[in-house]
Every structure is written in structure tokens, then in C-alpha cells.
Amino acid sequence: MGMTIAQKILKAHLVDGEMVVGQEIGLKIDQTLTQDATGTMAYLQFEAMGVDQVKTERSVAYIDHNTLQSGFENADDHKYIGSVAGKHGIYYSKAGNGICHQVHLERFGAPGKTLIGSDSHTPTGGGIGMLAFGAGGLDVAVAMGGGAYYIPTPKMVKVYLNGKLRPWVSAKDIILDVLRQMTVKGGVGKIVEYVGEGVKNLSVPERATITNMGAELGATTSIFPSDEVTKAFLEAQGRGDVWVPLSSDPDAQYDEEYTVDLDMLEPQAAKPHMPDNVQKVCEIGPIKVNQCCIGSCTNSSYLDMMKVAAILKGKTVHPDVSLTISPGSKQVLDMLAKNGALSDIIGAGARILECACGPCIGMGQSPESGGVSLRTFNRNFEGRSGTQDAKIYLVSPETAAVSALTGVLTDPRTSLGEMPEIKMPEHFDINDNLIVKPAADPSSVEVVRGPNIKPFPLGKALEASYSGKIVLKTEDNITTDHILPAGAKLLPYRSNVPHYANYCFINVDPEFPARCKEQGGGVIIGGTNYGQGSSREHAALVPLYLGVKAVLCKSFARIHKANLVNSGILPLTFADSADYDAVNLLDDISLPNVLEEVKTGAQVTVVCGGRTFKADCEVSERQRNALIAGGTLNFAKQQAR
């Protein structure tokens, strides 16, 4: 039987386990990346491991999230990350160089390689045929130290792309249509592979848009073939030597199949407040727009920006609309400046932001109260923009640009006329002067720690039994943004867990932090797809700090479940989902035989509200041992001893 592209890369990097769907496998990791919102914790954990130099082929630390420096905290964190990188063999991409996924695609990614990053949109690398995974910071630290990265062997999903996109329809519309078909939890435990005649008509930036937003499917990752289009992109970046051809075998087997007819596709929008709440732009109608934000790791490439510049040239943004532009990298911004496209964008009245994540993570440019914001980003979770009652729509750059001109949500096909032809450059301008190489003499580097950097919490060994209270009950599709909000006011405290803990779940239940402290921790009850969204391990570390011992829900998102295990928090699922309805906030809850049941792999007995029922603890043997030890780092130290 033939193999898919993903299976070929998995097999080539397999160091532990067997590739049987659902069974855990360990993979050798070639490259890692971090960003500054998650990187500080990852490097604190790496230092705690006592490894002198990274063991990967290439590890890169990016500064792209916390770039608003309204206090000392962000600048101090950047200094710490830069000094750790210099000392331990890590490349350091300074603030201003660009968004990690865009820059990594341009300057470091390579087909057939494995990549994990402490950011959930790391699968962007699948656009050039990498097997790229979002992961928690501790998983990245372990990989930098030479350890394997563990995942359950995923199922394989094939998405046929038939035909060719029509004018003013884009790659963003493709992934929004896939989200409409599969939903935000349809990709859990699966790798999505794109095939068909439509693939060859998509550039690498367009493919990367699709793999980037594969994270919103809950997918393990997404991947495209490495073909002549990939080769041309890498050669234009001066890196043609890393290209290798990759394709699935003709008789490769897939567990699921979907189809997108590109020549029938129309401009799409994801309506508030989920990326899978998708409808055609023409069906939503001309709603009034207050803000348009173009950029983020999803749609900030040179190709995207050139399309936007062509739409805006010689025109003026509607007086009621604020338009912001965030180029994905210094390379993109520099090329726009040199060819005059930046002048066209500025002349139309757009506000030019730095090459960083910016509004996508609520780092500035929050909409007005109750405002409608069209964004070319990947997530529109409630409150993520920094304005709790804002209505965020996810759209293509073409739709955002034309709507900024008209002042209402506008189908670009209706008012733009003939689409200009924009070709990928044969040669990109290359200037890596904001990427700092590791120190030639690591001993000469002193690691700098500012006062905002606090020790990360460590779990305690699992006790024989547990009794406490239910400190929170949530509904379905709780995101990591619900668990720990981001934004300009809170992201600077990612290095300071004790302070950050005061904001845990505040947009779900403002009393949660105080309740946890009063009760000495407890158990969280959740619905389906608990923990979807970003890879932020703080969504596990902060509940750990607050004393949370277990999360009992209907189902988990993959990365968050792994982060809970890493932190030593029990990830339990209802054996019978009807039991969810029978438990309530502040009910007494106990796990009378939890240690023995986790050790033996049995179902965990739960006593709550006068009822006794069973919960599943579906983890691997390795994870089981980590939970018993009180977390992965504790378990690793035990093994070392």
C-alpha cells in the first residue's frame, strides 16, 4: 500500500512507537521555532533541562508578538530571549524582522523536514511541504534538547482541489470553505493533505494561507506537495538547494476525503465568533464596516500586499473606516517600499503597522465598542480583538481592501473590474541583518533576567485520592483565549505566572481566580473541543498555579490536552456525556482511587453530587508516567536520576 506525503515524512523521522492510528509515536525534530509570548517559558524550561547547546538542525527565536513596549516587561523579555539564544545555539530574529511563520517560510523552512513551534500556526510550513506542528513550550524545549516529539498517529484526510480560482477569489476563500465543511473540531487527530489539479495553480504563499488556517480545523497539521512551484519559491529566496520533490503515492490510502471546486468558489467570510461560521460574502450583504485589518501570519505575504496595493491605488479609504496594514516580514515591507506599492497603500489612507502579529492577538488596534472589523486573520474568537463586544469577520485581503473603500462588506467581484495580474518575483530581496546568529563563544554570553520573569510552576506527584470542588463549568468550544486572554494589557505578563493568574477565565467567569484561591484549586468541567485555539501552555500552567488538579470535559483539543499532561493536570473525559449535565459549579467532587486507576490505565472513578460515574483518561504510557510524576519535566528528572 502506498503512502501519503505526511506518512513518508513521519516514517523517515520515527524514533519511537509504531505508525498505527491512535497509537503514540515519537518523532525526531529537525527545526524548532518560538515566539516571544511563549518563548520565555520555553527557554526557562530548556534551561531547567541543563542542556548546553540545542541538538536540532536549526532553532529560531522570533520576536513578533509582544512588540508594544509600554513598560519594561516586553523589552526585558526580549533581552532574556536574545541572551538565551546567543548562549545555547539558537538564531534570534529581532523585533521588526517579521512574523515567525512568514519569516520561517522565507528563510528557514525546507520540504521533508519536521518543525515544531510554540505557536499553533506553525503548520504554515506545510505550504512548502514541511511536516510542521504547533506545540507547547515544554515540547519545544525537549526537542531543542534532542528529545522526541510525541503525537498520536493521526488519520489522513485528502482535500481535492479541482479547477482554478476565478478572479477575485483567493486562497483564504478555499480554507474558509474547508472550515465550513469540516468545522473547528473536524480535523482533530488528523493530517490534512491537499491534492488535485488545483494545487499546481496555487503559489507557495497561497498554500501557506491554507495550511496556516488548518490550525482552526483542530488538525494535527496540513501539508501540500513539494513541486516545481515550491522549487521556484525557494530558488527565488536563494535557497534552492534545500528543495526536494514530495508527493503522495498513487495508491495512498486516506481516512476521509473532501472536495473544493475552485472554479465554483465565491468570496467567503467567517462570521462572529468562530472560524467555521462561514457564509458567502454576497449572502451576508452590505453590513456597515468600521475597521479593516490586513496582515497576520495568514495573509501578509508579498503576493497578498501587492494585490491590496493594486486595489487601493489612486483611491481613498472610506471616511468611516480605519484600515491597517501589517506586512508579514521586513523582506515584504522593503520590497513594497522599493517598487512603489507601499506609496499606493499609504496614499489611500491606510495605517502602516510594524511587521508583527499586532491586531491579530489584540496587540493594539482594538475596534470601537460594538464595531464591525473585517480581518484577514485566522481567528475571530469573542474578545480576542481586545474589544469584548466587537464583531469580527474573517475575510480575504481582496474583500477587506475593497470593503475599506466602500465602507460596507463588499464582494470584490462586484466593483473592482478586471483583476490585475500579479506574479511571484523571480528573486526576493534578501537581507538577514535582523537575524542574529548564536555566539561563537557561548561562555561569553550572560543570560539577562528582568524582574518580570518569574519561575514557572511545577506539578506535584499524583496522590492516591483527591477531593475538592468544581470551580468552573464551561460550554463547548472553550478556546485558550477564553482560558487566558491575550492582548496588549496582558501579554507582557506571560513571563509572570503569579500575576497572569489573576486573569484566568475572566471573560467566562470573573470570579474564577478568586474562587480557585479560596478553594485551594479544584476541578474544571468542560464541553466538547475544550482548549481549542492557540498552543499557549499558559492555559495549563496558570490553572496549575491556581491549584487545578483535573479538567473533566467531553473532548479536548490536541495541543491543550498535551499541555495539561506536561503540567501534571489530569485530562479526563466523560465516559457518558450525560454525566456532564448532572454536575454543577461548587459541587463536591472526589477521585477516590485516582492514582491506582491512572497507573493501571483503568477508567477513573468520579464521585460528584451524590452520584458515582466513570471518566476516561486516554493517554499514552509515557503520558501516564508523566501524570503520576506531576508533569513531564518532573518525569524527565526522575528518568535522568
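How do the axes of helix α2 and helix α5 cross? Before answering I noted that this is a predicted model, in which local features need pLDDT of at least 70, side-chain atom pairs count only at pLDDT 80 or more, and totals for chains, interfaces and linings use all residues. I also noted that residues are numbered from 1 along each chain as its sequence is written, and that side-chain values use heavy atoms, with hydrogens and water left out.

**Entry 1, two helix pairs.** I found that the axes of α2 (residues 36-49) and α5 (residues 137-144) come within 8 Å and cross at roughly 45°. Helices here are DSSP runs of H or I with at least four residues, strands are runs of E with at least two, and both are numbered from the N terminus. Axes are lines fitted to C-alpha atoms, for helices over the stretch in contact, and angles run from 0 to 180 degrees between N-to-C directions. α2 and α5 are therefore oblique to each other, given that angles under 35 degrees count as roughly parallel, over 145 as roughly antiparallel, 65 to 115 as roughly perpendicular and the rest as oblique. Their crossing is right-handed, a term used if the near helix is turned clockwise from the far one by less than a right angle, with anticlockwise counting as left-handed.

I listed the contact (heavy atoms within 4.5 Å): A42, Y43, Q45, F46 and M49 of α2 meet G137, L138, A141, V142 and M144 of α5. The residues of this contact divide into 8 nonpolar, 2 polar and no charged, where Ala, Val, Leu, Ile, Met, Phe, Trp, Tyr, Cys and Pro count as nonpolar, Asp, Glu, Lys and Arg as charged, and the others, Gly among them, as polar.

I then turned to α6 and helix α7 (residues 204-213), whose axes come within 8 Å and cross at roughly 30°; α6 and α7 are therefore roughly parallel to each other. This crossing is right-handed. On the α6 side the contact is made by A171, K172, I174, I175, L176 and L179, and on the α7 side by E206, T209, I210 and M213, a set that divides into 7 nonpolar, 1 polar and 2 charged residues.

**Entry 2, the barrel.** I traced a closed barrel of 7 strands in the order β21-β22-β23-β24-β27-β26-β25, with mixed pairing, two strands being paired if DSSP finds at least two bridges between them. Neighbouring strands of this sheet are turned by 35° against each other on average, direction ignored. Within it, β23 (residues 548-553) and β24 (residues 570-574) pair in the parallel sense over 4 bridges, and L552 stands opposite L572 of β24. Helix α16 (residues 512-519) packs on the sheet, touching β21 (466-473), β22 (522-525) and β23, and the direction of α16 makes about 170° with that of β21.

**Entry 3, the open sheet.** I found an open sheet of 3 strands in the order β1-β2-β8, with antiparallel pairing. β1 (14-16) and β8 (149-152) stand at the edges with a single partner strand each, so one side of each is left without a neighbour in the sheet. Neighbouring strands are turned here by 45° against each other on average, direction ignored. Strand β2 (residues 24-27) pairs with β8 in the antiparallel sense over 4 bridges, and I25 stands opposite I151 of β8. Helix α1 (residues 5-13) lies across β1 and β2, running at about 55° to β1.

**Entry 4, parallel strands.** I counted 4 bridges joining β15 (residues 291-294) to β16 (residues 322-325), which run parallel, with I294 opposite I325 of β16. β16 also pairs in the parallel sense with strand β17 (residues 351-352), over 2 bridges, and there I325 stands opposite I352.

W168 has a positive phi of about 70° although it is not a glycine, and I located W168 in the loop between β9 (155-162) and α6 (171-182).
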